[in-house]
Each structure stands twice: as C-alpha cells, then as structure tokens.
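Welcome! Here are a few exercises for getting to know a structure step by step. Take a look at it first, then try each task before reading its solution.

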Amino acid sequence: MTSPIGGDNAFFMDLYSRYLKDPQSVPVDWRCHFESLDGGPARVAGTPLMGALLSAAYREHGYKEARLDPLGLSPRHAAPELAAVRAQVEAQVEAQRGTHRLDVAIAGVPHSLPGDEACRTLAALYCGSAAVEASHVVDAQDRAWLYEAFEREMLAQPDETRLADALEAILLADAFETFIKTKWPTKKRFGIEGAESATVILREVLRAAASQGCGEAVVGGMHRGRLAALATVFGKSLPALVAEIKGKDTTGGDAAFTGDVPYHNGLIAVVDSGAGPIELRLLPHPSHLIVVAPVAMGAARARRELRARTGDGKAVLPLLMHTDAAFAGQGLVSELLQLGGLEGYSLAGTIHLVVNNQIGFTTLPEEGRSTPFPTDIGKAYGVPILHVNGDDPIAAAAVARIAVAWRNRTGRDAIIDLVCYRRNGHNELDEPRFTQPRLWSAIDGHPTLRTRFTAHVRERSDSACDRAERRRDLFVKALGEAFETHDHVGSNSGATETDIFPEARPAAGGAADPATGVDADALVALTHTITAIPADFEPDPKVKSFARARLDSVDKDTGFTMATGEALAFATLLAEGTSVRLSGQDSVRGTFTQRHLAVHDRSSGRSVLSLAAAAQRGARFDALNSPLTEYGVLGFEYGMSLADADRLVVWEAQFGDFLNGAQVAVDQYITTAEAKWRLQSSLVLALPHGLEGQGPDHSSARIERILQGCAGGNIVVAVPSTPASLFHLLRRQQRGRQRKPLFLIAPKSLLRDKRCQSRLADIGPGTRFQPVLVTEPPDPCRRVVLCSGKLFYALDERRRQETRTDVALVRLEQLYPFPADALLAVLARHGDAELVWCQEEPRNQGAFAFVRDQLLEAAPGTPLRYVGRPAMAAAAGGSIDRHELEQAGIVTAAFDAVRSDAAVAAE
C-alpha cells in the first residue's frame with residue numbers, strides 16, 4: 001500500500017500496522033479503507049480516507065483538548081496527534097483554494113464538509129465539555145457504536161423537559177445544602193457544593209435504566225454529597241434525615257445496636273425515576289469508602305440471581321460512586337474491575353461515577369497519582385471512560401445516558417469522570433486555604449452552578465426555569481416541615497428505610513441450635529449422586545479412586561473424612577432446596593487436593609460439578625476459583641450473603657493468614673455491620689489453620705485477632721476437630737434461627753489424618769453440633785486438659801500410649817459465643833482436678849487469653865494453667881525439626897509437671 005498522506009504519517013502508519021497484524025483491531029471504517037487500498041493504486045489526499053483519518057484522530061485523542069475543568073486551572077494544550085492531522089487538512093485546503101471537502105460520518109450520517117468545517121464540527125463534539133476515551137476498547141464494533149452514540153448525544157439539543165429536570169436537580173441539591181448549613185453550620189455533612197451535577201447523573205442513570213426495563217438498583221456510595229443525594233434523588237424521609245443530621249439518638253438505647261453517623265447509613269426506597277418506579281438499595285458504608293463497592297457488587301449479583309430464580313425478568317443495575325483520590329489510590333479498584341469481567345462475579349455491567357474533586361483531602365492530583373486522570377485504571381480492563389465538566393449539567397445527563405446504553409448493549413462496565421471541585425474543605429470544619437490558597441482563590445471567585453445554570457436555562461426557556469423553581473420551593477417547604485417535626489422521630493421511625501434487605505431476615509421462631517442431622521439412607525443416596533462420574537468421562541485415575549473411596553466410606557459406613565463431611569453438608573442443603581456457593585483461591589479442587597468438586601475429562605477437557613446433581617427445588621451450586629486476591633472477593637461474597645438468606649455462601653482463604661489481606665472488610669463490615677446498620681449475614685469464612693512445621697507463613701489464621709472482635713454475639717468462631725462437627729456447623733448456618741458470620745478455623749493436616757473420621761450415626765437424625773467434646777477418663781480425674789483443633793489428636797495419642805487414665809481431654813469446638821454452660825457442666829464433674837489450657841500457638845496468639853477471660857467471667861477464681869509455645873513475634877518457627885521438638889514438648893507438658901524452657905511455656 002502507498003500512503004496517501006504526506007508529511008508526518010505516524011498516526012496513520014500506526015493504524016495501518018495494527019491493521020496488518022489484526023484487521024479486527026482497527027475501527028470498521030478504517031478496516032474498509034485499508035481493504036480497498038491494499039493492492040490498489042495510491043490515493044491522493046482529499047479522498048474519503050482523509051475524512052476518516054480526521055474523524056479517527058478526534059475520536060481517539062479529542063479528550064486531550066476537552067474543556068473539562070470548570071475552574072479553568074488545568075492548562076489546555078494542543079494534542080500533537082490532532083495538531084498533525086489538522087495541519088494536513090489545512091495544507092489541503094490551502095492547496096485546493098478552499099474547494100477541498102472531506103467525507104466524514106457523524107452520528108452514523110455521512111457528510112461532505114469543507115476541511116475547516118469538518119475540524120470545527122469534530123472539535124465541538126469531542127473537545128467540548130464532555131469527552132470519551134475508548135481506543136482501549138478491544139471490540140471494534142462496540143467501539144464504533146460508542147463513538148456514534150456519543151456523537152448523537154452531543155449533537156442533540158435538550159428539550160424543555162430535559163432542561164427543567166437538570167435545573168431541578170441542581171436547585172434541590174443547592175437548597176438542601178443551604179438549609180443544612182444554615183440550621184447547623186458546625187455539622188460535618190461532606191456537602192455536594194461544586195459537584196451538584198452528580199445528582200443530575202444519578203437521576204439520569206436511574207431514569208435511563210428504568211426506561212430499559214431495569215427494576216432495581218444496588219448502590220454503593222461515598223461521603224461526598226451523600227446527604228444531598230439521599231434527600232433529593234434517593235427519596236429518604238426528610239424528617240428522619242433531619243433527625244439523623246441533628247444527632248438525635250434513634251438507637252433506643254440498645255447496647256447491641258450502636259447506629260452510625262448519617263452520611264454512613266443506608267436506604268431502601270422505591271424511586272419514581274420519571275420512566276417508571278425503580279427499587280433502590282443504597283448500602284451503608286464505613287469511612288473506608290471503597291470497601292462498600294465489592295459488598296454492593298455481591299449484593300447486586302445475589303439480587304439479580306434471586307429475580308431470575310423467581311421469574312422476575314427485570315434487570316438489576318449496580319451503581320458505584322467514588323471520589324477521584326480513592327479511585328486512583330485504592331488498589332481495590334483494580335480488583336473490582338477485574339471481577340466485573342469474570343463469569344462467577346459478573347454483573348452485566350456496573351456504572352462507576354467518579355466525583356472528581358481534583359483534590360483528595362489536602363493532596364493534589366500530582367501528589368496522589370501518576371496518571372493524567374483518576375480513571376485511567378479503567379483502560380487496563382477495556383472500560384470506556386466518559387469525562388464531563390461538572391459545570392455542564394446537560395452534558396452530564398448525556399454521558400449518563402451513554403453509560404447506561406453502553407451497559408445495556410455490551411453487559412460491561414462504564415466509568416463516568418465528573419470533573420468538578422469542592423467548594424468547602426474535606427468537611428465543613430476543615431480549612432482548605434491553609435494548603436491550597438490558589439485553588440480556593442479560584443473557587444471563591446467562581447459563580448455557583450445554581451447561578452450559572454439558572455441563567456442558562458432562563459435564556460432558553462422561561463417555562464422550564466419556572467417549573468424547576470416551583471419544585472425547589474416545594475422542596476424547601478418540605479425541609480422546613482421536616483425540621484419542625486423531626487423531634488417526633490423515634491427509634492423505629494426510620495427502621496424500615498434502613499433495613500436494606502428485609503426479605504433476608506430469618507423468620508421468627510425456630511431453634512437457635514437446631515438438630516441438623518440427616519437420615520442415613522438419604523446420606524448414602526446423596527453420596528452416590530455426588531460421586532457419580534458421567535459415562536463418557538475419562539477422569540484422572542486418582543480422581544476416580546478418590547470418588548470411589550468417598551462413596552465406600554459412606555456406603556459401608558467405615559468412617560468419612562473432613563472433606564466428605566463438608567461435601568455431605570453441601571449436598572444435603574442442595575437437596576433441601578438451599579443454594580450453596582463456594583468461592584476462593586483454588587477452592588474447586590482444594591488447596592490440599594481434598595475436594596475435586598469438578599471432575600475433568602482427560603481427553604476433551606470438559607468438566608462437571610458433581611455436587612450440582614444434588615440440587616432440588618431450584619437450588620443452585622456454584623464452586624468458583626477466585627482471582628488471586630482476598631479483599632475484593634471476600635467483600636463480594638459478604639454482599640451476596642447479605643442479599644440472599646437462603647444460600648450458604650462460603651469464602652475460603654487459601655491459608656488462614658490470607659485473611660490479613662481483607663482485614664478492612666472484616667473490621668468494617670463482617671464483625672460490626674449488624675451493630676452499626678442491622679445488616680445480617682450467614683457468610684462462612686473458611687480459614688485453614690494449624691502449625692505443621694511449614695514455617696511462620698500459612699500456619700495461623702490469627703485466631704486471637706478474630707476473637708478480639710467478638711462482642712454482643714456478633715459472630716461465631718468455631719474450630720471443628722471432627723467431620724461431624726464440620727457437617728453440623730455448615731448446616732446450622734442455614735437452619736439456625738440466627739444469621740451470624742461463621743469464622744471457620746478450618747483443618748489442614750486433619751484432612752488426611754485417619755484418626756479424624758466420623759460415622760453416619762454422628763450426623764444422623766436428631767444429632768446437632770456439639771460445642772464441647774469430652775474424652776472422659778475411666779479413673780478419678782486429676783487433670784482436665786482444654787484444647788481445640790488438631791492438637792487433640794496428639795494429646796489423645798499420648799494419653800493412650802502412656803495409659804493416662806486420670807486425664808480428661810476437653811475440646812472446645814466453638815470458641816465464640818463461648819460455651820460456658822456446657823464447659824462448666826464438664827468441670828463440675830471434676831471439681832478437684834487441675835485445669836490446663838493447651839495450644840500449639842504462641843502464648844500471645846491463639847485462644848488462650850480469650851478462654852482465660854471467658855472462664856474467669858463465667859466462674860470467677862478458676863485457675864487455668866497455660867501450656868504451649870512462649871510468646872513469639874512470628875506465628876511459628878521456620879524448620880520442621882524445631883516444630884517437632886516444640887510440639888512434643890507441648891504434649892509432654894500437658895500431662896506432666898510444670899515445665900518452662902525456650903521451646904515450651906508452662907505456667
């Protein structure tokens with residue numbers, strides 16, 4: 001091919017080189033031109049190719065010259081790529097004395113325009129107060145569609161309704177902030193001033209979604225502008241909101257319910273979108289803002305599957321709101337965008353609204369990120385980015401419609417970058433002029449959006465302006481009435497508004513600790529079902545042997561393993577119509593090769609989830625290998641558990657200490673959400689734990705940290721040492737009256753320990769989880785050794801070897817809620833015996849301190865001797881020899897006289 005353009009051809013040649021490697025990688029119009037040029041005569045400038053080149057340049061690089069900063073402080077420079085193409089056009093215009101015309105397609109319509117007019121038209125579309133970045137979108141047809149949709153929206157002139165709607169959103173947000181700061185000038189409210197167009201976008205997203213058949217939106221928000229959005233977009237009760245802002249205690253003095261500040265609270269409401277009602281669930285969030293995002297995504301996935309299960313075809317829209325500093329700074333954002341493209345976590349597209357204040361607290365963009373825009377991370381995942389100037393509400397509404405249309409077409413995420421400013425400090429009590437005097441000098445001199453946009457609308461339509469102002473007046477009146485009546489708001493007045501998932505609450509009645517056993521015949525039949533391998537499958541021989549051994553252990557009742565106990569718990573729940581979802585790193589096969597939930601055909605690569613065959617009455621079984629991350633996936637699974645009560649949701653850490661990577665989700669939601677927001681969850685966190693000579697890492701689930709967060713019955717912490725205990729624990733999560741997260745201190749070596757087996761009678765009818773297991777001595781007891789987990793088997797083996805018939809071994813299968821009554825009943829039978837707590841973890845770790853405190857509270861004055869490793873900074877030693885020496889010393893000290901040395905602490 002001969003290049004038709006002289007001079008600087010870098011842009012053109014780059015496109016052509018991409019075309020030669022992969023014709024699908026360039027836009028459709030370019031592909032057509034290159035196909036016609038290959039092998040044909042050289043073209044001269046002025047053919048349709050020049051118009052296509054100009055269009056492509058503006059589509060790909062126009063955002064670099066867009067007028068996005070409402071303050072005008074960001075310098076605008078000519079983009080070299082655009083300058084080069086414009087120079088080519090100008091040269092042709094001059095050479096042809098003004099007769100040169102270019103063929104360009106705008107919004108799908110072909111035009112033949114003079115070169116200078118084509119440049120002006122494209123610049124007006126792509127370099128105005130809105131811009132699009134989409135060259136990183138891989139699919140050429142989707143990319144071409146997006147450019148056409150963007151051009152169509154930018155060309156459209158707003159009618160009177162759209163003008164009035166946009167102005168109404170601005171006026172209401174301004175009126176709300178003015179009202180609150182007048183009544184309570186010293187209250188933190190994280191006001192929306194400077195970013196009022198965010199309410200325009202929120203309204204338009206909901207309207208556009210509802211018009212396309214969406215019946216529900218699940219929203220994860222942020223502090224900035226949250227109160228204004230609650231009042232003016234999301235439909236929160238104004239008296240309840242005013243009472244919360246004033247600081248009225250609506251907890252009723254409930255010690256277990258602390259409540260939270262008003263800009264953290266959630267909401268459930270039905271919003272009149274203007275295109276039909278849409279059910280809205282705004283998740284409560286903590287100060288760690290981004291953590292709400294994966295929780296909202298998981299909840300949206302669960303709501304979507306619930307609607308599908310009940311035959312409700314209406315879509316669920318996930319809508320996430322972020323600030324610029326958080327979106328650019330938090331690594332969790334990358335996890336969210338990754339999850340959005342994976343089958344087990346996809347939401348058919350999430351709308352991300354980034355309120356770009358151009359500052360984070362006191363940190364400027366050049367200090368807080370290394371990219372031109374806070375949204376640039378989206379490029380790595382092929383997510384289109386729509387930028388818009390916050391002082392142009394009409395353009396803001398347009399990009400909202402484009403984002404929803406993109407989601408509806410592709411089922412993928414879209415990012416809106418609302419470039420705006422923050423009229424106040426980080427909060428209303430913060431003084432930003434200390435650190436950014438120049439920026440706030442510009443802000444102080446910048447007219448409010450209410451003033452600017454009201455004048456703009458008045459020039460175009462008096463009736464649109466009057467309509468919006470009438471709505472503003474009615475809203476101000478309602479605010480005044482709410483202020484006069486807010487003292488009457490009681491502890492239960494707003495309960496229905498903030499109960500985000502009322503349908504996920506357990507029914508009244510039922511046992512807190514019900515019988516969870518299952519008929520033996522049913523267990524055998526289910527084991528046949530879940531070990532069946534399709535006749536046309538050729539699995540790995542070891543997998544086939546695994547399935548046969550599992551079947552024999554149940555069918556012949558010779559003793560089943562921990563992994564089989566788990567599988568039977570899943571299968572029985574599925575057979576009873578309860579869905580089960582397991583997610584984690586390498587969880588399908590199991591880190592320890594213990595599950596083999598998916599059977600793979602060696603020749604074809606096909607796979608089947610055998611457990612899925614147990615599902616009845618619409619239940620579904622999902623087993624997922626998650627990305628190599630904890631934070632985002634755990635938040636996602638927690639969100640699913642919030643929204644779907646009739647599903648056992650299990651997140652498994654590859655090793656228990658991997659929970660550290662998701663500590664924010666644990667602290668801010670899992671252990672505290674019920675106390676702060678009345679959110680209930682039955683999520684299971686499976687945390688493999690045990691010191692086995694493999695070094696400091698991968699040994700400890702840090703039980704001590706989990707126990708430190710226990711209060712008010714907020715969670716369950718259990719250390720099952722038998723397959724039956726594991727079976728009953730998992731079933732109790734769904735069959736018990738209370739919904740509490742279960743921190744399951746899961747086995748590792750016990751998965752293959754032949755001493756660790758259970759029989760069908762242990763999980764048969766009438767059986768249930770036993771929080772305390774006792775191995776009684778035949779002779780009068782001189783010592784009671786308390787322990788938990790796998791250490792019991794080493795202690796029991798030593799007891800047998802030395803025929804210690806005067807020692808009782810007591811396993812605490814549940815650490816919290818502490819089984820005080822059951823334990824005291826055991827101790828009462830051995831009143832004069834010495835009491836020992838034995839653990840393999842170091843003294844400053846594990847459960848010792850917690851058990852000691854709980855025991856002293858239940859039975860003051862009870863002496864408890866400690867046997868275990870001395871306090872250590874690390875979780876375990878680094879060599880197998882050291883481990884075995886220490887472990888033997890611990891077991892010996894548990895039975896013998898007090899011993900204390902470098903390896904073992906005994907007190």
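**Exercise 1: the hairpin**

Task: Find which residue takes a positive phi in the hairpin of β1 and β2.

Solution: The hairpin of β1 and β2 has 2 residues between the strands, and Ala107 takes a positive phi near 55 degrees. Strands here are DSSP runs of E with at least two residues, helices are runs of H or I with at least four, and both are numbered from the N terminus. Next, look at the pairing: β1 (residues 101–106) and β2 (residues 109–114) run antiparallel, joined by 6 bridges. Two strands count as paired if DSSP finds at least two bridges between them.

A word on the model: it is predicted, so local features need pLDDT of at least 70 and side-chain atom pairs count only at pLDDT 80 or more, while totals for chains, interfaces and linings use all residues. Residues are numbered from 1 along each chain as its sequence is written, and side-chain values use heavy atoms, leaving out hydrogens and water.

**Exercise 2: the sheet**

Task: Work out in what order the 8 strands of the open sheet lie.

Solution: The order is β3-β9-β10-β8-β7-β4-β6-β5, with mixed pairing. At the edges stand β3 (130–133) and β5 (267–272); each has a single partner strand, so one side of each is left without a neighbour in the sheet. From one strand to the next, the twist averages 20 degrees.

Now zoom in on one pair. Strands β8 (residues 351–356) and β10 (residues 414–419) run parallel and share 6 bridges. Leu353 has Ile416 as its bridge partner in β10.

Contact means heavy atoms within 4.5 Å.

**Exercise 3: Leu856**

Task: Decide whether Leu856 is buried, partly exposed or exposed.

Solution: Start with its place, which is helix α30 (residues 848–858). The relative accessible area of Leu856 is 35%, so Leu856 is partly exposed. The cut-offs are under 20% for buried and over 50% for exposed, with partly exposed in between (1.4 Å probe, protein chains only). Beyond neighbours within four places in sequence, Leu856 is in contact with Gly861 and Thr862.

How values were computed
Axes fitted to C-alpha atoms, helices over the stretch in contact; angles between N-to-C directions.
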